[in-house]
Amino acid sequence: MASTGVGNLVSIDGIMNHMVYLDILHNNLKGSAKNLGLDGNFIFQHDNDPKHTARNVKMWYLFHCKQQLHTPPQSPDINVIENLWATFETAVQKHKIRNKANLKQVLQEEWGKISSDITKKLVESVPRRLEDIIKAKGHGTKYCHFLCM
């Protein structure tokens with residue numbers, strides 16, 4: 001996601017590991033960035049999940065993501081995508097899912113409905129989030145309240 005909207009939503013079957021993650025990055029990140037008007041001028045944010053920090057993934061970042069922001073795992077008050085996932089999940093749960101194919105269809109439809117107004121507001125909240133985290137001395141903030149319960 002970026003302030004200008006969301007990129008491609010990629011469905012995976014099976015377990016996500018560093019190789020699957022690398023494949024998603026390689027086949028989708030540049031295209032999504034270009035579609036969002038970023039063309040290489042972006043800060044790629046990720047946490048320290050082992051699949052994000054695997055050696056081959058780190059090497060890929062060196063060549064394709066010159067600007068990175070590393071955040072701790074499970075830190076919803078810093079990582080705005082967590083708020084977007086929560087909103088997305090709420091929208092998906094309003095549907096009566098009949099099977100896996102229907103689920104994939106609903107996921108794509110709801111992902112496509114996410115407006116740039118929502119993503120812009122989330123991205124613009126980052127400086128305030130960081131200030132609140134400093135004030136809270138590492139404790140939870142209002143940004144993680146509904147996600148941390």
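Residues are called buried under 20% relative accessible area, exposed over 50% and partly exposed in between (1.4 Å probe, protein chains only). The structure described here is a predicted model, in which local features need pLDDT of at least 70 and side-chain atom pairs count only at pLDDT 80 or more, while totals for chains, interfaces and linings use all residues. Residues are numbered from 1 along each chain as its sequence is written, and side-chain values use heavy atoms, with hydrogens and water left out.

The protein has 7 helices and 2 strands, taken as DSSP runs numbered from the N terminus (helices: H or I, at least four residues; strands: E, at least two). Along the sequence these elements follow the pattern α-β-α-β-α-α-α-α-α. Of its 149 residues, 34% are buried. With contact meaning heavy atoms within 4.5 Å, 68% of the contacts between residues at least 6 apart in sequence join residues at least 24 apart.

With a relative accessibility of 0%, Thr119 counts as buried. Its contacts, leaving aside neighbours within four places in sequence, are Met1, Ala2, Ser3, Thr4, Gly5, Val6, Leu84 and Ile114. Polar contacts are pairs of N or O atoms within 3.5 Å; within protein, one atom must be able to donate a hydrogen and the other to accept it, and residues adjacent in sequence count only if both atoms are side-chain atoms. A polar side-chain atom of Thr119 lies 3.0 Å from the backbone oxygen of Ala2, and the Thr119 side chain also reaches the backbone nitrogen of Gly5 at 3.2 Å.

Rings of Phe, Tyr and Trp (its six-membered ring) pair if their centres lie within 6.5 Å, and planes under 30 degrees apart count as stacked, over 60 as edge-to-face and the rest as tilted. The whole structure holds 4 aromatic pairs. One of them, Phe44 with Tyr61, is tilted, at 5.5 Å centre to centre and 45° between the planes. This pair links distant parts of the chain, with Phe44 in strand E1 (residues 44-47) and Tyr61 in helix H2, 17 residues apart. Both Phe44 and Tyr61 are buried. Trp85 and Phe88 also form a tilted pair, because their ring centres lie 6.0 Å apart and their planes are at 50°. These two residues lie in helix H3 (residues 80-93), 3 residues apart, about one turn of the helix. Trp85 is partly exposed at 36%, whereas Phe88 is buried at 8%. Ring pairs link Trp85, Phe88 and Trp111 into a cluster.
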